[in-house]
Amino acid sequence: MVSGNITKLDLTDQAFAVRRANFTDEISFYAPGLKRYCTTEFEQKSPRAFLPISLTGNACVLQCDHCESKILEPMFAIDQREGLFPLCERLANSGTEGILLSGGSNRVGAVPLHKHFADMKRVKQELGLRVMVHCGLVSEETCAALKEAEVDAVMLDIIGANETIRDVYHLDATIEDFDRSLELLQKYEHSVRPHIILGLHYGKMLGEDKALEMIAKYPVHALVLVVLTPMAGTNMQNVAPPDVAELAAFFQKSRLRMPDTPIMVGCARPLGEHRAQLDRLAVDCGLNGIAYPAEGVVEYARAKGLRPGFIENSCSCGC
Ligand code: SF4
């Protein structure tokens with residue numbers, strides 16, 4: 001492992017050199033079936049290969065200022081009377097290979113998973129689907145049950161500022177609770193893919209450095225970086241995301257701080273010129289994968305000597 005002891009290069013070059021030293025030349029581009037996607041470089045061929053399911057429909061107690069549960073609306077909702085398995089069976093019969101289990105949070109910041117552990121295990125064993133779970137804050141019992149259910153991976157947003165937990169998430173918790181969840185998931189040897197939402201505090205970078213430090217203590221499978229993308233109709237709809245220079249600085253810092261952990265740019269980030277610039281900077285900073293890449297980024301990566309791989313049956317944290 002090489003960890004950034006290269007002094008004559010600027011930080012972006014250092015970050016790219018660290019990537020070169022610790023990984024193969026492959027860079028992964030993802031287009032899961034969360035939305036339709038097509039560029040001249042990468043056309044999604046199986047939009048049903050990987051699909052999101054909400055275990056709570058559109059319901060969420062927290063009503064975070066950037067989301068107000070709108071992220072749940074396009075997901076498949078389970079029928080509460082029939083449970084998870086029948087929906088998964090129908091999806092598997094129509095070509096789905098993997099699912100993201102998500103849902104709104106309860107008042108303690110957890111996605112209510114407890115009624116579905118037995119079905120998760122059946123989905124793995126009988127349907128052979130890849131199962132990724134967005135869990136939120138977890139208890140020891142939840143970690144053990146997810147292990148018993150044989151899920152493939154778990155993910156949660158890590159927040160590194162108590163003000164953000166309180167003001168944006170309306171949650172009576174602290175950064176120690178998020179750290180504890182990481183610790184418990186690690187204890188039960190889950191494949192953990194934590195997310196950091198850059199600019200979550202009303203467009204400002206506040207707890208991101210702390211979140212990175214919290215995550216770097218654990219041997220997580222991958223780190224996923226997403227960017228605040230306030231949804232229309234929410235309290236934050238007019239908030240601007242951080243500018244690309246600020247985000248690129250965080251990409252560099254992440255690459256250098258976690259030199260041999262795969263780092264992905266996840267689905268949520270602004271569109272247009274912001275995305276076009278940011279995706280190139282992600283390549284420059286040595287990140288390992290990008291979901292729904294902007295037009296031209298695949299060729300840009302090739303020109304830097306990287307080998308593109310294209311993945312549709314998983315999300316950007318599914319390496
Ligand atoms: S907990 Fe999740 S679904 Fe609920 S409002 Fe917050 S981000 Fe949206």
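Predicted model: local features only at pLDDT ≥ 70, side-chain atom pairs only at ≥ 80, totals over all residues.
How many nonpolar, polar and charged residues make up the shell around the ligand?

**Entry: ligand shell.** I counted by class and found five nonpolar residues, four polar and one charged. I then listed the residues around the ligand by name: C60, Q63, C64, H66, C67, E68, S69, I71, L72 and S105.

Entry: I looked up the ligand's site next, and the ligand turns out to sit in the largest pocket. I noted a volume of about 1,200 Å³ for the largest pocket. Its lining holds 49 residues, and I wrote down those closest to the centre, which are C67, I71, M75, M231 and A268. Sorted by class, the lining of the largest pocket comes to 29 nonpolar, 14 polar and six charged residues.

**Entry: second largest pocket.** I moved on to the second largest pocket, where I found about 320 Å³ of space. I see 21 residues lining the second largest pocket, with V108, A110, L137, V138 and S139 closest to its centre. Which helix gives the most to this lining? I found helix α6 (residues 175–187), with four residues. My class tally for the lining of the second largest pocket reads twelve nonpolar, five polar and four charged.

Technical notes:
Residues numbered from 1 in each chain as written. Heavy atoms only, no water. Near = heavy atom within 4 Å. 1 Å grid on protein atoms, 1.4 Å probe; cavity = no way out; pocket = protein on both sides within 12 Å on 5 of 7 lines; lining within 4 Å. Sits in = over half its atoms within 2 Å of the grid points. Nonpolar A, V, L, I, M, F, W, Y, C, P; charged D, E, K, R; others polar. Points joined across faces, edges and corners; volume = space filled by probe spheres on them. Helix = DSSP H or I, 4+ residues; strand = E, 2+ residues; numbered from the N terminus.
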